[in-house]
Amino acid sequence: MLKYIVKRFFLMILTIFIIATLTFFLMNAIPGSPFNEEKTSNAVVQQNLEKHFNLDKPLPVQYVLYLKSIITFDFGPSIKQPTETVNSLLGRGFPISAELGIWTILVALISGITLGVVAALRHNKLIDYTAMTIAVLGISIPNFVLATLVIQVIAVDLKLLPAATWNSPQHMILPIIALATGPMAIIARLTRSSMLETLTQDYIKTARAKGLSPFKIVVKHALRNALMPVVTILGTLLAGVLTGTFVIEKIFAIPGMGKYFVQGINQRDYPVIMGTTVFYSTFLVMMLFLVDIMYGVLDPRIKLHKKGGE
Amino acid sequence: MEKILDIKDLHVSFTTYGGEVQAVRGVNLDLHKGETLAIVGESGCGKSVTASSIMKLIPSPPGKITKGSIHFKDQDLTKMSNKDIRKIRGVDISMIFQDPMTALNPTLTVGDQLTEGLKQHKKISSHDANEQAIEMLNLVGIPNPKERMKQHPHQFSGGMRQRIVIAMALICEPELLIADEPTTALDVTIQAQILQLFNKIQEQTGVSIILITHDLGVVAKIADRIAVMYAGKVIEVGTRREIFYNPQHPYTQGLLNSVPRLDQRGDQLIPINGTPPDLFSPPKGCPFTARCPKAMEVCENVYPVHTKLSDTQEVDCWLQDERAKKYIAT
């Protein structure tokens, strides 16, 4: 197990390094510079500014400086917001984004699994059809459409909840609904089909023959096996929720990391782009690692430290 | 001897898109305490369905017991609610399924699966349940039971897993054990060991066993009585001796002739030609008529009368009728 973790750790470092490098060169390949919009500044001022942010040095030197900033995790000041450092932006934005993301994943998992299990247990009955209709709708409606829809209906027309910003639990409900519906629908469909398959397995018949209650059979014997495919797609879903937060944060005017990320790209605020990208990718890679560990916990046949299982 | 199970006129049907399949069409069987009854017959004759309906384990829908009764001691199992039948399952009647590779949950430890039945039905502490499970594993011949309890099913071989399945079925000390083709998925040497284990368990616990199989070799080793099923009916029943040495139904005779025997080397096996009838619309006469070498006109139209040949042997065949005997003689 320890050997596996160490191996995975080095792979994670490598992945992040590749992502960082790609981001750096892609970023520099985009035409324009942070100072394009500032028409008033003269050439001398601009030169001084570039010198201040090390933009006058050749690209390889900038690259090395950039790698150094990653290792020390100090991305320096933002170009466009001189009073802020990248780290302070991350420090302010991340807790909010994380709150949104964690709630979204939790809501999606709990409601998706419940919906899927109920649909499987009432296979081909009304509840099944209803749940699957909800699921198909959830998959087909993009989160930004759903976001504007819930704002219009729930916030504007019915005036039940606030339309935007991030101040109290009430403010959190609409963005979480908008963001969680898609993943929830995917999880529900997956849980249903894998639950249906699991329920026909022989060990379920054995459990019934033992006289266990239906609840125990479902929760103890079926669910754990049925959730394996859900764990598999959890990594992809996390990535989806992460990118979803960019859009949702923008729509609901939530001051999370997504806002700074999009703003950074638009304004060519190089340190902010770097900082947020490296931060996001580190976070995602770590989550994927956790998902892999979870596999081994759920299914003892999967041994992480050995090649080829049994 | 005390009768513990009495099945009377059991009918089971499955509703499918193609219509109603009458899988079991009036089965009568009984079982005494400490006895081993083998139900034999080819695939699709209704032997597994009969066994599953005893514990109400037929998938419903589409399956349904449409008629008849199953008396276990004083209770009619067919009339029991799902909640009440759960108190019978695993406690009074246990069942073992065909394939030990899939009958155990791969994500739970063997110990967990062994003790959960005990914990469900009896007020027992975890510690005592574990002790009892270890004892049970000892009985079925698993070495190092204490360590093995913590392992998962994939760490056991097929024969070992079947032993665990048997231990699981016996842990609440049931009075009746239903084994649905318990040796079919195992290789021959392991088969013999598992059959010996059945004998040993019966000696030690006095459990009654219903053994479902299509392997007459298995039957010859452990059955006290044999019921032969064909197209959803029991067509002949008798002691092991009677069925093997004095089979009366042409189907039973055909079944025995189609088994290879060591003492008749070189002889060709005699298969039973044809296939069983379609149970969507079962024939009104004897279902074996189309394949029977001794079929008469009456066989096709009227179901044979039930004839008692001895205290233990009974057969459904027109050949037992006085008139048929005269007809054959002339």
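A: We begin with one cavity: the second largest cavity is lined by B:H249, B:P250, B:C286, B:F288, B:T289, B:C292, B:C299, B:P304, B:D316, B:C317 and B:W318. This is a predicted model, in which local features need pLDDT of at least 70 and side-chain atom pairs count only at pLDDT 80 or more, while totals for chains, interfaces and linings use all residues. Residues are numbered from 1 along each chain as its sequence is written, chains are lettered from A and ligands numbered from 1 in the order in which they are written, and side-chain values use heavy atoms, with hydrogens and water left out.

Q: What is a cavity, and what is a pocket?
A: On a 1 Å grid over the protein atoms alone, a cavity is a set of points where a 1.4 Å probe fits but cannot get out, whereas a pocket is an open set with protein on both sides within 12 Å along at least five of seven lines; lining residues have an atom within 4 Å of a point. Grid points are joined across faces, edges and corners, and a volume is the space filled by probe spheres set on the points. Here the count comes to 3 cavities of 30 Å³ or more, and the second largest cavity holds about 60 Å³ of space.

Q: How do the residues of the lining of the second largest cavity divide?
A: Ala, Val, Leu, Ile, Met, Phe, Trp, Tyr, Cys and Pro count as nonpolar, Asp, Glu, Lys and Arg as charged, and the others, Gly among them, as polar. By that scheme, this lining has 8 nonpolar, 2 polar and 1 charged.

Q: Which residues lie nearest the centre of the largest cavity?
A: The largest cavity, with about 110 Å³ of space, is lined by 14 residues, and A:A209, A:K210, B:S94, B:M168 and B:A169 lie nearest its centre. Its lining divides into 8 nonpolar, 5 polar and 1 charged.

Q: How much space lies in the largest pocket, and how many residues line it?
A: The largest pocket contains about 1,500 Å³ of space and has a lining of 32 residues, with A:R208, B:I58, B:P59, B:S60 and B:P61 nearest its centre. That lining comprises 15 nonpolar, 8 polar and 9 charged residues.

Q: How many of the residues in chain A are buried?
A: Buried means under 20% relative accessible area, exposed over 50%, and partly exposed in between, with a 1.4 Å probe and protein chains only. Of the 310 residues in chain A, 43% are buried.
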